Amino acid sequence: MSQAYTPGLKVVARERLRRRRVLPLPGEVLVQAGQRVAARDVVAHSLMPGDVTPVNVANLLSIAPGEVPRAMLRHEGDRLTIGEPLARSQGLFGLFKTECPARIAGTIESISSVTGQIMVRGEPHRVLVDAYLAGEVVEVLPESGAVIEADATFVQGIFGIGGEAFGPVERACPDPAHDLTPALLTPAMRGAVVVGGARVTAEALAAAVRLGVAAIVTGGIDDQDLRDFLGYDLGVAVTGNEPVGLTLIITEGFGDIAMAERTYQLLAARAGAAAALNGATQIRAGVLRPEIVIPWPDMQAASAAPVAAGGVLRRGATVRIIRDPYFGVIGTVGRLPAEPQVLGSGSKARVLEVVASSGEVFIVPRANVELIES
Amino acid sequence: MTSLTPAQIRVIVATDCGSTTTKAILIQYLDGQYRQTHRGEAPTTVEEPVADVTVGVVNALTELGELAGRRLIDDAGQIIRPATADAGCDIYISTSSAGGGLQMMVCGVVREMTGASAKRAALGAGAIVMEVLAANDRRRPHEQIQRIRELRPDMILISGGTDGGNLNQVVQIAELVAPAKPQPRFGGGYKMPVIFAGNRDAAPLVQQVFDDSVDLAIVDNLRPVLERENLGPARDKIHDLFLDHVMAHAPGYDKLIAWTDAPIMPTPGAVGNILETIARRQKINVVGVDIGGATTDAFSVFDGKFNRTVSANLGMSYSISNVCAEATLPSILRWVHFDMNERALRNRVKNKMVRPTTIPQTEEALVFEQAVAREALRLAYVQHREFATALKGVQQQRSVGDAFRQTAGGQCLIDNMRLDLLVASGGVLSHAPRMQQTAAMLIDAFEPEGVTTLAKDSIFMMPHLGVLAEVHPQAALEVFEKDCLVYLGTCIAAKGRGKPGRECFQYAVHTETGTITGAISCGEMRVVPLLPDARARLDLHPARGFDLGAGPGKPLECEVRGGTVGLIFDGRGRPLELPADHAACQALTSRWVAALDLYGGRATAAPAAS
């Protein structure tokens with residue numbers, strides 16, 4: 001047994017999932033414990049303070065900053081409408097007074113006698129948090145949000161772009177090794193979560209946006225196609241807010257790579273079911289991988305999913321090779337030699353054997369495999 | 001914290017929790033001296049599903065224990081302390097750069113003055129500077145506020161104004177930050193730490209601007225007068241707040257802090273400590289580089305002046321795609337001596353980005369990764385040279401004339417001709433299978449001029465020793481001398497340009513066993529073996545127009561040290577330029593690969609499969 005491991009991605013047919021849905025700032029929770037919620041139901045809302053605009057009244061009235069508080073016609077906490085008098089200078093012997101009208105609407109937050117500027121905060125923005133996971137509210141977080149629980153099919157991707165999306169699962173590719181091309185997309189897929197197979201082409205992405213597809217889940221994408229789709233070269237894998245018209249989740253990686261058979265079969269088996277997914281990816285500390293969640297209509301008596309203990313490479317464990325020259329090969333762990341071995345690169349590293357379903361054995365560095373958790 | 005005296009400490013375990021890998025070393029007191037005996041590593045586990053840095057630490061220590069035949073972790077997953085004959089350790093210490101390190105936003109009134117000083121203070125403390133906000137940065141105030149709202153730094157440093165000077169604009173900066181209500185990166189569990197290190201007269205006014213939604217700390221002005229920086233108090237406060245607020249809220253760090261016998265130090269701070277020690281003890285100019293998964297840190301000590309820069313998105317895993325975007329693929333491929341499929345390469349780069357812990361298995365993958373490293377290092381060094389115009393620490397003098405042109409126009413402190421020692425650190429440099437590869441990456445990226453000693457951190461130990469020096473200086477120094485630095489040799493490179501084939505310089509290498517003479521042509525590289533412990537006297541005669549340190553065309557005599565590679569004579573000229581034509585460039589790099597025997601004479605290797 002070895003303690004060296006690479007955490008893998010989850011691909012689970014049925015698991016008790018929990019999702020904390022919280023506001024970015026305190027607000028009102030609209031649901032109660034025990035309540036059933038749909039994915040798009042709003043569970044909490046709040047008002048986010050509006051944008052702040054500084055207005056330099058001292059400059060506008062040509063007075064010293066220290067005179068600004070006396071010149072103000074409106075005070076901290078007062079609401080402003082555009083055009084109304086905001087401040088007036090004392091003038092010379094009461095004459096030649098200058099007036100400063102409000103150029104923006106909002107509320108006066110502060111008046112500074114040091115800088116002579118006031119801060120006007122604009123109208124607050126309403127922030128809504130929906131349930132995302134269709135299921136049961138199991139905990140209400142006061143002024144913050146709720147915890148939703150449901151049994152669901154759960155698949156983690158390796159990389160995604162775009163934020164949360166919803167829609168029924170629609171299979172487009174006949175098998176996991178089939179590229180997702182425009183010909184496989186139909187108008188009926190508008191608003192759907194389309195399950196592809198291997199690589200999605202640039203043309204298919206463009207066609208999907210035109211058709212109004214909510215999301216695409218497929219095995220791979222070519223870097224060049226991603227760059228063309230985004231309009232820029234992605235430098236670091238921190239995504240989730242790309243305004244590209246749909247959410248894209250890649251399950252395996254970049255290049256010509258088929259979706260793992262198990263992942264494909266799981267998704268295909270749930271065709272027609274309502275899915276929620278999130279393309280947000282953050283490959284930094286506190287890594288965030290994209291996910292597809294397809295709730296089951298009922299909850300079985302199973303207890304909550306066990307806390308992941310962190311994968312450990314053991315003989316027989318299912319792994320995927322995640323680096324060339326065998327990128328994408330899935331197999332089981334064979335021998336785990338304790339002593340480091342010399343690789344083709346000339347480096348020494350601890351290795352393991354991966355036995356593919358064909359019986360072929362690959363020797364790869366332990367760092368170059370990931371566990372497929374199920 | 002341990003109650004043992006230094007003399008009682010016989011077994012030391014140290015870890016460095018990097019953004020990709022957690023590296024552990026074992027130091028033992030053997031035969032009257034401290035030696036580093038074993039190392040182990042495991043992927044860092046700050047990410048889901050584990051999200052607890054201590055799991056990676058336990059994994060690394062378990063591997064270390066397996067390799068050392070010493071049990072370090074008990075059944076409850078705790079570090080066994082104190083040491084017995086075959087188990088445990090006496091002290092455990094750690095550095096950390098996981099979680100992207102310390103990320104800060106800094107503010108000043110004038111970007112090139114107090115803004116630059118604030119940036120230097122943050123960098124010196126080991127931070128990544130996400131944003132420099134200044135009254136003169138040409139953004140409108142609401143745009144600046146919006147930017148603050150978008151960022152989620154770990155802490156904010158506000159400077160501005162000399163003591164007794166301008167109040168207005170200093171308070172104005174605070175008035176931009178306060179209403180933005182910045183949120184800390186690791187969530188709402190703690191208040192955003194804000195340090196004010198500006199005009200002391202403005203401090204009470206700044207205090208009034210902020211409400212209790214932030215944790216405001218006021219320290220001495222980092223620019224009390226225009227001609228002087230006082231970075232120490234701000235830097236110390238950054239360290240304190242980093243430990244108390246930021247690290248305590250990163251995944252699992254509360255446990256890790258409780259485990260360690262000394263405060264956890266940011267990795268760059270620890271590396272800086274050790275490099276400063278080398279420069280001070282040997283009275284030399286040093287440049288060090290630590291290339292990690294997400295960032296590249298460059299350090300320099302020239303004439304006793306320390307500088308550090310961090311290139312936030314130049315790294316070999318998380319940021320590898322950004323290196324390719326910034327450097328461009330053609331620039332990277334000029335270092336590759338065979339044809340590669342560009343489309344496949346781009347996909348490989350992205351796959352490395354999304355699965356950052358993988359390592360090259362084939363020689364082709366290694367050559368490409370080392371080419372990326374050259375460009376990452378080159379870009380990081382360019383950034384360092386642009387910034388290293390300043391002074392570190394308290395009460396450092398700077399003339400008024402210099403003060404107005406610190407960033408772009410300030411005199412660069414880095415002079416490659418006066419560089420004595422170039423130290424390599426970080427996985428791609430430290431773990432290169434052949435020492436020649438490390439030397440070649442350093443020379444190609446940094447372009448040292450004249451006579452420069454090259455060394456590498458043997459197993460990426462400098463961070464560990466940097467923090468160990470705080471607890472047990474004797475052990476740190478002994479291990480540093482004997483086990484840390486591996487001398488690669490000495491690079492002798494002529495400054496100047498000449499036609500290929502024309503003579504660049506002549507050399508005579510005098511050793512105890514005899515004299516070797518030769519001439520280097522323009523464009524040529526040659527290695528003369530000289531063992532690691534050996535020294536040699538060199539007589540160098542540069543051709544007209546070339547400079548080896550004594551001036552153009554002037555001969556130079558010097559003593560040099562050997563290394564695992566030996567003496568590397570570099571006649572390619574400075575600045576180094578490669579042919580724009582792809583085929584010509586490939587032919588030239590092939591010659592250099594052969595001259596340095598970089599890959600053992602193989603073009604590409606067959607993958608290791610059964």
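Let me begin with H9(B) and H12(B), which pack at an angle of about 70 degrees with their axes 10 Å apart. Axes here are lines fitted to C-alpha atoms, for helices over the stretch in contact, and angles run from 0 to 180 degrees between N-to-C directions. The two helices, H9(B) and H12(B), are therefore roughly perpendicular to each other; that term covers 65 to 115 degrees, with angles under 35 counted as roughly parallel, over 145 as roughly antiparallel and the rest as oblique. On the H9(B) side the contact is made by B:Ile320, B:Val323, B:Cys324, B:Glu326 and B:Ala327, and on the H12(B) side by B:Val372, B:Glu375, B:Ala376 and B:Leu379. Contact means C-beta atoms, placed from the backbone, within 7 Å. By class, this contact of H9(B) with H12(B) has 7 nonpolar, no polar and 2 charged residues. Ala, Val, Leu, Ile, Met, Phe, Trp, Tyr, Cys and Pro count as nonpolar, Asp, Glu, Lys and Arg as charged, and the others, Gly among them, as polar.

A word on provenance. This is a predicted model, in which local features need pLDDT of at least 70 and side-chain atom pairs count only at pLDDT 80 or more, while totals for chains, interfaces and linings use all residues. Residues are numbered from 1 along each chain as its sequence is written, and chains are lettered from A and ligands numbered from 1 in the order in which they are written. Helices (H or I, at least four residues) and strands (E, at least two) are DSSP runs, numbered from the N terminus.

I turn to the interface. Here 64 residues of chain B are in contact with 54 residues of chain A. On the chain B side, the elements that each supply at least two residues include strand E3 (33-43), H9, helix H11 (342-354) and helix H12 (363-387). H11(B) gives the most, with 8 residues. By class, this side of chain B has 32 nonpolar, 21 polar and 11 charged residues.

What of the interior? The largest nonpolar core has 284 residues, and A:Leu133, A:Val194, A:Ala215, B:Ala122 and B:Leu157 have the most contacts inside it. Such a core is a set of buried Ala, Val, Leu, Ile, Met, Phe, Trp, Tyr and Cys residues joined through C-beta atoms within 7 Å. A residue is buried if 20 or more other C-beta atoms lie within 10 Å of its own, exposed if 12 or fewer, and partly exposed in between, with C-beta atoms placed from the backbone. H12(B) gives the most to this core, with 13 residues. A second, separate core of 15 residues includes A:Leu313, A:Val319, A:Ile321 and A:Tyr326.

Finally, some backbone details. Most residues other than glycine have a negative phi, and most peptide bonds are trans. B:Thr328, however, has a positive phi of about 75 degrees; this residue lies in the loop between helix H9 (320-327) and helix H10 (329-333) of chain B and is exposed, with 12 other C-beta atoms within 10 Å. A cis peptide bond joins A:Asp324 and A:Pro325, with omega about 10 degrees, and A:Pro325 sits in the loop between strands E22 (318-321) and E23 (330-333) of chain A. The bond from B:Arg574 to B:Pro575 is also cis, with omega near -5 degrees.

Note on methods. Contact = placed C-beta atoms within 7 Å.
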